[in-house]
Amino acid sequence: MKLFHGWLSSASRRVRLCLAEKALPYEGIPIDMSKQEHHAPEFLAMNPNGVVPALLIGPGRSLYESSTICEYLDELHPLPPLRPSDPYERAVMRNFVRWTDEKSLPNLLILNWSIALQPGASQWSDVQLQEKLARIPTAERREAWSRIARQPYTEEEKAAALDKLLQLVDKMEQMLAASTWLVGDRYSLADIAAVPFIARIDELAPRALSADLHPRVQAWWAAVRQRPAFAEARFDRFDDALRARQRESAAGA
Ligand SMILES: N[C@@H](CCC(=O)N[C@@H](CS)C(=O)NCC(=O)O)C(=O)O
């Protein structure tokens, strides 16, 4: 298997976590999104949405959508199980994963892109921007790229995005009142879906994860970080990784 992924991408981090939990061997191929490698025809053949991750399983067989990839891996390699055995709990797990896709990811993208993409994007000429937009397959992401290049998010918009991202922590605190992990008493794809967002919240607004505000989430986060798979999936700090990337491109690497 080959995983085409971004080191800092939440959706990619999910799949890396899932592969590590299952101790599955794979070749990781980092995608440089600043060079639009995810909009190249070879990548679009694997993921027509032009976003990471994509999992190449064999000749002509690839998968996209991190939640779908994780469920596929769990079906193919059932041990250790990452989906609840009870159908109701499995449905609750899927609804939670969908909730993070719809409510958490768009807000985190606003915050991450404002740091990672906006400074460079504001320097693009109109011609350069049009060339880049022409390679993006979906209207939604064309709008997002156009927005970040020409109409950067204001401080108010970024604060609102962070507020919305933090709703995840409230939701998790409620869920953890009923069980050890987010859905039931076993670590599942629901927990894996949340980890990348909580890792980023720990960098952006660590107080939200304190014992006085969200004690159950704090304990959950400590338990997640003790899992060997967490270290294997490599959650580099966003700012550090970005600085390293900038140093590399300054050195012409
Ligand atoms: N629902 C998708 C979301 C994938 C996604 O949005 N990936 C982001 C990184 S987390 C990406 O590739 N962004 C680059 C772009 O939009 O150009 C999934 O879970 O796989």
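The axes of helix α4 (residues 87-116) and helix α9 (residues 189-204) come within 10 Å of each other and cross at roughly 25 degrees; axes are lines fitted to C-alpha atoms over the stretch in contact, with angles running from 0 to 180 degrees between N-to-C directions. Helix α4 is therefore roughly parallel to α9, a term for angles under 35 degrees. The model is predicted, with local features requiring pLDDT of at least 70 and side-chain atom pairs counting only at pLDDT 80 or more, while totals for chains, interfaces and linings use all residues. Residues are numbered from 1 along each chain, and side-chain values use heavy atoms, without hydrogens and water. Helices are DSSP runs (H or I, at least four residues) numbered from the N terminus.

The crossing of α4 past α9 is left-handed, the near helix being turned anticlockwise from the far one by less than a right angle. In contact (heavy atoms within 4.5 Å) are α4 residues including Met93, Phe96, Val97 and Leu108, and α9 residues including Ala193, Phe197 and Arg200. The residues of this contact comprise 13 nonpolar, three polar and one charged, where nonpolar denotes Ala, Val, Leu, Ile, Met, Phe, Trp, Tyr, Cys and Pro, charged denotes Asp, Glu, Lys and Arg, and polar the others, Gly among them.

Seven aromatic pairs are counted, a pair being rings of Phe, Tyr or Trp (its six-membered ring) with centres within 6.5 Å. The ring centres of Trp220 and Trp221 lie 6.4 Å apart with planes at 25 degrees, so this pair is stacked (planes under 30 degrees apart). Trp220, at 3% relative accessibility, is buried (under 20%, 1.4 Å probe, protein chains only), and Trp221 is buried at 4%. Ring pairs join Trp220, Trp221, Phe230 and Phe235 into a cluster.

Note on methods: Helix = DSSP H or I, 4+ residues; strand = E, 2+ residues; numbered from the N terminus. Parallel < 35°, antiparallel > 145°, perpendicular 65-115°, else oblique. Phe/Tyr/Trp six-rings, centres within 6.5 Å; stacked < 30°, edge-to-face > 60°. Buried < 20%, exposed > 50% of the residue type's maximum accessible area, 1.4 Å probe, protein only.
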